[in-house]
Amino acid sequence: MKLSNKTIAALVQAEIKHVGDYFHLSAPQMPRKDYEQFAKVVAALRGEWQRSKQAHVFMYNPTNAIAEILASGEVPPVNPHDFFPTPIAEIESMIDWAELPTGEWAEPGIRILEPSAGDGRIAKMVRDHLPNAQIDCYEIDPLNQSILTELGFTIVGENFLAAGSPAHPYNYILMNPPFNNREYQKHIQKAWEWLDRQAILISIVPSSFRRDKAFRNFVFEFGQAVESEPFETTQIKCSTIKIEKFDNTHLWQPDNCGFDSHYHSSVQIALDGDFEFWDRLQNLDDATQIAEWIYTCVERLIVKKEYNLLFDDRVRGSVLRYVLHEKDPSIEVAIADKQGQLTLIL
Ligand SMILES: C[S@@+](CC[C@H](N)C(=O)[O-])C[C@H]1O[C@@H](n2cnc3c(N)ncnc32)[C@H](O)[C@@H]1O
């Protein structure tokens with residue numbers, strides 16, 4: 001769509017002032033019908049109207065971006081790449097949870113990646129926290145790229161999903177990837193491959209990630225999830241995940257409290273507190289029905305009640321054996337795992 005003469009005039013006459021960390025744009029008063037297109041352009045440039053300031057507030061100096069739009073004569077597309085900025089309060093929680101080193105622990109050479117950096121708000125707060133760290137950014141949107149460059153960040157590439165492996169892995173990755181078509185899973189799984197041997201990844205995800213069994217099992221094998229701060233920019237309910245690269249083999253070993261493993265114990269303890277589960281179990285005698293009932297209840301705990309539980313075939317078999325033994329200790333149960341299917345040998 002072409003820029004109208006009124007929008008062109010408003011953009012030319014707009015005053016831009018540097019106020020603290022922000023830039024305030026004040027435009028001449030316009031009738032509502034003319035203002036609509038102007039507001040669209042400002043929104044596409046990430047300007048936010050703040051009544052208390054009586055200005056459109058920008059995190060960067062929009063002068064160059066406005067000049068480019070005037071030169072093109074076109075209204076820029078609004079949000080072509082799923083840019084939904086993370087709330088500042090959420091970024092503070094992400095940084096706390098990442099346990100970024102401070103003071104004497106903040107050795108030089110720490111490598112941090114923001115693989116879908118947007119307007120650089122996560123990268124900026126990480127840099128405030130760790131000024132000597134190397135922070136690499138990927139960002140696909142040209143406007144965000146100009147903002148990142150202006151903020152002094154290194155853009156190592158545009159499309160993170162198309163990027164080749166880095167020469168050196170990262171110690172920390174903090175990210176809020178695009179959600180469209182479950183793209184966030186590809187971004188997170190790729191970022192996971194780029195972590196060092198002992199390293200931490202924090203990401204915003206849609207809370208519905210729990211419905212994707214393979215992805216959520218990956219999350220709960222290596223980490224946890226919590227509910228995120230509310231996002232003003234999207235209606236989607238979000239969670240924050242923390243996944244860690246470390247040697248987790250001991251979590252699969254039987255522990256000395258008699259549980260098969262850390263993962264099995266979490267599911268068993270969750271089921272122990274589920275009265276509905278034990279109520280109905282009393283009326284079930286068939287092992288296949290019991291296996292299905294366990295599955296239904298654990299799925300409910302994970303998806304509806306948002307428990308952080310790894311519940312893959314390895315864990316399922318063991319939990320089934322435990323439940324059958326609780327129900328009738330005289331039953332000796334062996335379970336074989338045949339091509340991902342649990343087979344009961346009673
Ligand atoms: C949900 S926004 C979050 C931006 C920023 N990380 C933040 O937390 O405010 C997702 C960002 O990913 C960018 N993006 C989308 N696809 C990408 C890709 N394949 N590679 C790099 N960046 C991408 C979008 O342009 C957008 O800025």
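Which residues does Tyr172 touch, not counting residues up to four places away in sequence? Tyr172 touches Ala98, Leu100, Ile112, Ala199 and Ile200, where contact means that the C-beta atoms of two residues, placed from the backbone, lie within 7 Å.

## Basis of the model

This is a predicted model, in which local features need pLDDT of at least 70, side-chain atom pairs count only at pLDDT 80 or more, and totals for chains, interfaces and linings use all residues. Residues are numbered from 1 along each chain as its sequence is written.

## Nonpolar core

Tyr172 is among the residues with the most contacts inside the largest nonpolar core, together with Ile173, Leu174, Val267, Val298 and Leu309. That core has 75 residues. A nonpolar core is a set of buried Ala, Val, Leu, Ile, Met, Phe, Trp, Tyr and Cys residues joined through C-beta atoms within 7 Å. A residue is buried if 20 or more other C-beta atoms lie within 10 Å of its own, exposed if 12 or fewer, and partly exposed in between, with C-beta atoms placed from the backbone. In soluble globular proteins, nonpolar side chains tend to be buried together.

## Ligand shell

The ligand is surrounded by 22 residues, a residue being near a molecule or strand if its C-beta atom, placed from the backbone, lies within 6 Å of it. His81, Thr86, Ser116, Gly118 and Asn176 are the closest. By class, the shell holds 11 nonpolar, 7 polar and 4 charged residues. Here Ala, Val, Leu, Ile, Met, Phe, Trp, Tyr, Cys and Pro count as nonpolar, Asp, Glu, Lys and Arg as charged, and the others, Gly among them, as polar.

## Packing of H11 and H12

Helix H11 (residues 287-303) and helix H12 (residues 313-327) have axes that come within 10 Å and cross at roughly 120 degrees. Helices (H or I, at least four residues) and strands (E, at least two) are DSSP runs, numbered from the N terminus. Axes are lines fitted to C-alpha atoms, for helices over the stretch in contact, and angles run from 0 to 180 degrees between N-to-C directions.

On the H11 side, Ala287, Ile290, Ala291 and Ile294 meet Val319, Leu320, Val323 and Leu324 of H12. This contact has 8 nonpolar, no polar and no charged residues.

## The loop between H3 and H4

Pro77 lies in the loop between helix H3 (63-72) and helix H4 (88-98). Pro77 counts as exposed because it has 12 C-beta neighbours inside 10 Å. The C-alpha atoms of Pro77 and Tyr172, 95 residues apart along the chain, are separated by 33 Å.

Asn79 also lies in the loop between H3 and H4, and its phi is near 55 degrees, a positive value in a residue other than glycine. Asp82 lies in that loop too, with a positive phi near 60 degrees. Most residues other than glycine have a negative phi. Asn79, with 13 C-beta neighbours inside 10 Å, counts as partly exposed, as does Asp82 with 17.

Ile269 is in helix H9 (residues 262-272) and is exposed, because 12 other C-beta atoms lie within 10 Å. Its C-alpha atom is separated by 41 Å from that of Ile135, 134 residues apart along the chain.

Arg280 belongs to helix H10 (residues 275-281). With 14 other C-beta atoms within 10 Å, Arg280 is partly exposed.
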